[in-house]
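Biologist: I am new to this structure and would like to learn how to read it, feature by feature. Could we begin with the idea of exposure and then move on to the sheet and the helices?

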Amino acid sequence: MNKFDKYLEFVREIKPSDKVVLCFDQDGDGIPATVLMLKAFQRLKINNVHWVPFIRNDRMHVAEEILAWNPTHVIFLDVAAEIYDALMGKLVSKKVMVIDHHETHKSFEGVTVLKPQNIGFEESNQYCTAKLVYDYMSNLVDLEDVSWITAVGIISDMGQRTWTEFLRAVFEKHNFDMKEDWYETVPGKIAQIMNSATSVNPMRSDEAIALLLNSLPKEILRSPLADLNSDINAEISKWMKEPIESFHEGLLNIQVIDNPSYSVGGVVSNKRSTAEREKAFIVITVFGDKLKVSARSQEFKVPMNDLLKKSVEEFDNANAGGHDPASGASLPRENLDEFKKNLVKFFGELLQLNSTS
Ligand SMILES: [Mn+2]
């Protein structure tokens, strides 16, 4: 008996004549999870397997793409699909499984849900989907020779702390050098490449999957996607060196990025805010006639979602949402100056509110 026993039936029942669709989250964990699943199915001689990228804000389109394959089985990877009733409702005639590590408290009739929380693992965010797929499918087929793909998912989802021993074994097996910075190791660099492929518009997820499926690690490091990654990194360092405007004794910082070659505002605000955790960083990216805003504050004295919501309220065709430490907004370019004034004003109000309450 092991913790995966009651989930093995789902895959064991799939026959070579069946058709499987994998629907995956397009990021550095979802892509390795998908490739591990594809490898496992190849080895199980189940060859009619297709993949469809998940798009959060266009779920009905995703349902159509899945159904267009006329599958018998659908497996969601790194997507909490069980929470989307309309999407699940479209798939009731299919056998559906969700393999994912986003903690939810919902189920959907007839859907098999494999989550860390269901197999007695508390810290869900640490048990990335790539590792979950690897551990699960290793009950059915040997995946040790491709364990490095699992390491890519772990590093991308920042699970190093929990899986240090596993990573050590993977590095030894595949002759990768250990480095102090995991992102500088071979799987860490591949994780960066996967994340670059999925951060551009249009996303290059298909290319990322094909690359991970068919190439050796050293080939991936010399691929066109690796070039894309270095271009993006160059763009990030360029904007990291640009000056920023500071307000409220340096607690509020605003940077405008004017028509960058790649959408790097989110990464820039992340990097700045992890370096100076007590400050807030608002990066406003100009894309033609639109503005895209990334707001970050690690130790949020001022909740970023409240700040952005208040600051865009008066504008047409504007919206804002997210969480206290990380939030986003979009609005028309013509509102840039007013928006910046609002940020300064409402930051002051919220700061005062939170220091007196
Ligand atoms: Mn994940």
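Modeller: Let us start with the general idea: a residue is called buried if 20 or more other C-beta atoms lie within 10 Å of its own, exposed if 12 or fewer, and partly exposed in between. Please keep in mind that this is a predicted model.

Biologist: Is methionine 158 buried, exposed or partly exposed?

Modeller: Methionine 158 has 15 other C-beta atoms within 10 Å, so this residue is partly exposed. Methionine 158 sits in the loop that links helix 6 (147-156) and helix 7 (164-174), and its phi is near 60°, which is a positive value in a residue other than glycine.

Biologist: What is the phi of lysine 45, and where does lysine 45 lie?

Modeller: The phi of lysine 45 is near 65°, again a positive value in a residue other than glycine, and the residue belongs to the loop between helix 2 and strand 2. With 7 other C-beta atoms within 10 Å, lysine 45 is exposed.

Biologist: In what order do the strands of the sheet stand?

Modeller: The order is 2-1-3-4-5, in an open sheet of five strands whose pairing is parallel. Strand 2 (49-53) and strand 5 (112-114) are at the edges and have a single partner strand each, so one side of each lacks a neighbour in the sheet. From one strand to the next, the twist averages 20°.

Biologist: How many bridges join strand 3 to strand 4, and which residue is the bridge partner of phenylalanine 76?

Modeller: Strand 3 (residues 73-77) and strand 4 (residues 95-99) run parallel and are joined by five bridges; phenylalanine 76 has valine 98 of strand 4 as its bridge partner. Helix 2 (residues 30-43) packs on this sheet, where it touches strand 1 (20-24), strand 2 and strand 3, and its direction makes about 165° with that of strand 1.

Biologist: At what angle do the axes of helix 6 and helix 8 cross?

Modeller: Those axes cross at roughly 65° and come within 8 Å, and the two helices are therefore roughly perpendicular to each other, with helix 6 passing helix 8 in a right-handed crossing. The residues in contact include Trp148 and Ile155 of helix 6, and Ile190 and Met194 of helix 8. By class, this contact of helix 6 with helix 8 has eight nonpolar, three polar and no charged residues.

Biologist: Which peptide bond is cis, with omega near 0°?

Modeller: That bond runs from asparagine 201 to proline 202, and proline 202 is found in the loop between helix 8 (186-197) and helix 9 (205-214).

Technical notes. Residues are numbered from 1 along each chain as its sequence is written. This is a predicted model: local features need pLDDT of at least 70, side-chain atom pairs count only at pLDDT 80 or more; totals for chains, interfaces and linings use all residues. Two strands pair if DSSP finds at least two bridges between them. Helices (H or I, at least four residues) and strands (E, at least two) are DSSP runs, numbered from the N terminus. Axes are lines fitted to C-alpha atoms, for helices over the stretch in contact, and angles run from 0 to 180 degrees between N-to-C directions. Two residues are in contact if their C-beta atoms, placed from the backbone, lie within 7 Å. Angles under 35 degrees count as roughly parallel, over 145 as roughly antiparallel, 65 to 115 as roughly perpendicular and the rest as oblique. A crossing is left-handed if the near helix is turned anticlockwise from the far one by less than a right angle, and right-handed if clockwise. Ala, Val, Leu, Ile, Met, Phe, Trp, Tyr, Cys and Pro count as nonpolar, Asp, Glu, Lys and Arg as charged, and the others, Gly among them, as polar.
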